[in-house]
Amino acid sequence: MISVWGFYRARFKTALAVQLQYRVALAIWMLGLVLEPIIYLSVWTAVAAGSGGVVNGFTVSDFAAYYIVLLVVQHFTQIWHMWEFDWVIRQGILSGRLLRPIHPIHNDAAENIMYKLLMLVVVVPSVVLLVLLFQPVLNPPLWSALAFVPALLLAGVLAFLVGWCVALAAFWTTRTFAINQVYFIAMFFFSGQVAPLALMPPLLQTLATLLPFRWMVAFPTELLLGRLTVEAALAGFAAQAGWIALSAVFTLLAWRAGIKRYTAMGG
Amino acid sequence: MTPPAIAIQSLRKTYQVSQREAGTGAALRSFFRRSTKDVVAVDDISFTVQPGEIVGFLGPNGAGKTTTLKMLSGLLYPTAGECRIHGYIPSRREAAFLRQITLVMGQRNQLVWDLPAGDSFELNRAIYSIPAAEYQRTLAELTELLEIGDLIKKPVRNLSLGERMKCEVAGALLHRPSVLFLDEPTIGLDVTAQRRIREFIAAYNRRHGATLLLTSHYMADVEALAQRVVVIHHGRLLFDGRLASLVERFSPHKTITLHVEPLNGHDHDLAQYGQVIERDAVSVKLRIPKAETARITGRLLAELPVTDMTIEDPSIEEVIEQVFNAPADRPAEAQP
């Protein structure tokens, strides 16, 4: 019997060992991590200042809280395998993984989890720094703060499944860059990254509700900020569960079809 | 009779490749309408391998060897026909099947580039859930046979090609597979490293009774390891049998090396005896039809001042080259 847990433990160790070799990359990554919310915050602070300190009920310190929580949520829901999968296929790396008696998704999932845990050494100080700089106001009801944890976990699972499914497009085309680009643009607008969804035009808000991105990022963020009613929170969990089920089925089907097509090029 | 370890029945693989003419016009046309062509990589191949047997799998580049090995290890779906490894259908990639096999490819890298090979071995231990004691025993055996005790502590990126290959082989065998597919395991290695890997493969086969299907461009590998060879060309099976009978069957010639004294002084018309392959001041090498060997040697001895004479089968390289140069539509099999 294959011990999946044993595999994850061993994979964590190798991922950790690899990451620790790249100290400079870690530092650059930390810089990017801090810069992004600073840029959004500066923009929205300027907008708020121009309209009497408040934009649609968001004060400057509300924006600060929003973007700092968003940073944490984005960290736990990020996925990058679509940038690598094409290479993994063309280089024959996938062939090596297919020869192992464990599904290749476990390799990526283990790496994803490991990376997120490891990078907390960068994320935590970044958050502390931003909190000191921008003095956010964060005052959620207890139930909402507690519900944030499962919402974040489900968001992580959902983002991983959807992202992995997008990565599988590499089975059909070598130009995955365009597909990935569309995915990240949709993510940018519909996940609440460019602006809190409450500030978006109604049409975009409706679209965001129908697409999965909101449930990956905006939903847990708004939950921790205490901006959701109990009903909205329950609806959010239902949406997460539904999308996870749907993307799991779709990933399974896409994987099966992709593997059929896969002809182990090169070598 | 025990059931075969590898059973291949009418195996066939066709690739669909897109194609277009050169030029901008053709590029534009292909933007709207792609034309594809079926390329037959493996064409109706059947053979079996018994447990514990080492079989050399030969053929020129593009003959379909790697495609066959990929079908046997479950990386490619056959277009038609069937293959079974210990009863398993490879393309299903069942865990129980994958635990029994390994595929080593000369250029493929299973080891994590940035880490010592030992770390990748640990990962394999977890993947195959190898019990600690067994793992230590296997690792000790592999490091000793391959002489890689010190190497597995160095990052893989700092190893030479030969060192890395030895570590790759060790990593591929930690789970003690019973069926090994080795695709050019010695490619690009120096003679010493080649011999080391070759000896190791033979030792592994003896110790564990493993079944091996091996491709190599180095006939030394094949001569040292394989009691039997399977030759494919243009995707078709040309020959299946002992290496010695391959030479007998495909080489209708013998090579005679003559020392004639004094060769330079007399302008002997050597071409009347056979085809002159090489000639220098004191010796000459002739290729003659096998059936005529007795008659021609008799004539040579009677008509020329021969001081020494050797009669040999051509080298395996020569025979293989001859087999591969045979046109595809007229299989060499048809020859007597």
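**Figure 1. Salt bridges, with a look at D43(B) and R236(B).** Over all chains of this predicted model, the count comes to 20 salt bridges, each being a side-chain nitrogen of Lys or Arg within 4 Å of a carboxyl oxygen of Asp or Glu. The close-up picks D43(B) and R236(B), whose closest N and O atoms sit 3.4 Å apart. This pair ties together distant parts of the chain: D43(B) belongs to strand 2 (residues 35-49) of chain B and R236(B) to strand 9 (residues 236-242) of chain B, 193 residues apart. Helices (H or I, at least four residues) and strands (E, at least two) are DSSP runs, numbered from the N terminus.

**Figure 2. Where chain B meets chain A.** Here 28 residues from chain B and 29 residues from chain A make the contact, meaning heavy atoms within 4.5 Å. Together the two chains bury about 2,400 Å², 62% of it on carbon and sulfur atoms; buried area is the accessible area (1.4 Å probe) that two parts lose on being put together, summed over both. L75(B), L123(B) and I127(B) supply 24% of the area that chain B buries against chain A, more than any other three residues.

**Figure 3. The side of chain B that touches chain A, element by element.** Helix 2 (65-72), helix 3 (95-98), strand 5 and helix 4 (117-127) of chain B each give two or more residues to this side. Helix 4 of chain B gives the most, with 5 residues. By class, the side splits into 15 nonpolar, 4 polar and 9 charged residues; Ala, Val, Leu, Ile, Met, Phe, Trp, Tyr, Cys and Pro count as nonpolar, Asp, Glu, Lys and Arg as charged, and the others, Gly among them, as polar. Still, there are 0 salt bridges between chain B and chain A.

**Figure 4. The largest cavity.** The whole structure holds 6 cavities of 30 Å³ or more. A cavity is a set of points on a 1 Å grid over the protein atoms alone where a 1.4 Å probe fits but cannot get out, and lining residues have an atom within 4 Å of a point. The largest has about 150 Å³ of space, a volume being the space filled by probe spheres set on the points, which are joined across faces, edges and corners. Of its 14 lining residues, T102(B), Q110(B), Y128(B), G171(B) and A172(B) are the closest to the centre. Strand 5 (101-105) and helix 6 (161-173) of chain B each supply at least two residues of the lining.

**Figure 5. The second largest cavity.** About 60 Å³ of space lies here, and the lining includes R100(A) along with Q110(B) and L123(B).

Residues are numbered from 1 along each chain as its sequence is written, and chains are lettered from A in the order in which they are written. Local features need pLDDT of at least 70, side-chain atom pairs count only at pLDDT 80 or more, totals for chains, interfaces and linings use all residues, and side-chain values use heavy atoms, with hydrogens and water left out.

Note on methods. On a 1 Å grid over the protein atoms alone, a cavity is a set of points where a 1.4 Å probe fits but cannot get out, and a pocket is an open set with protein on both sides within 12 Å along at least five of seven lines; lining residues have an atom within 4 Å of a point.
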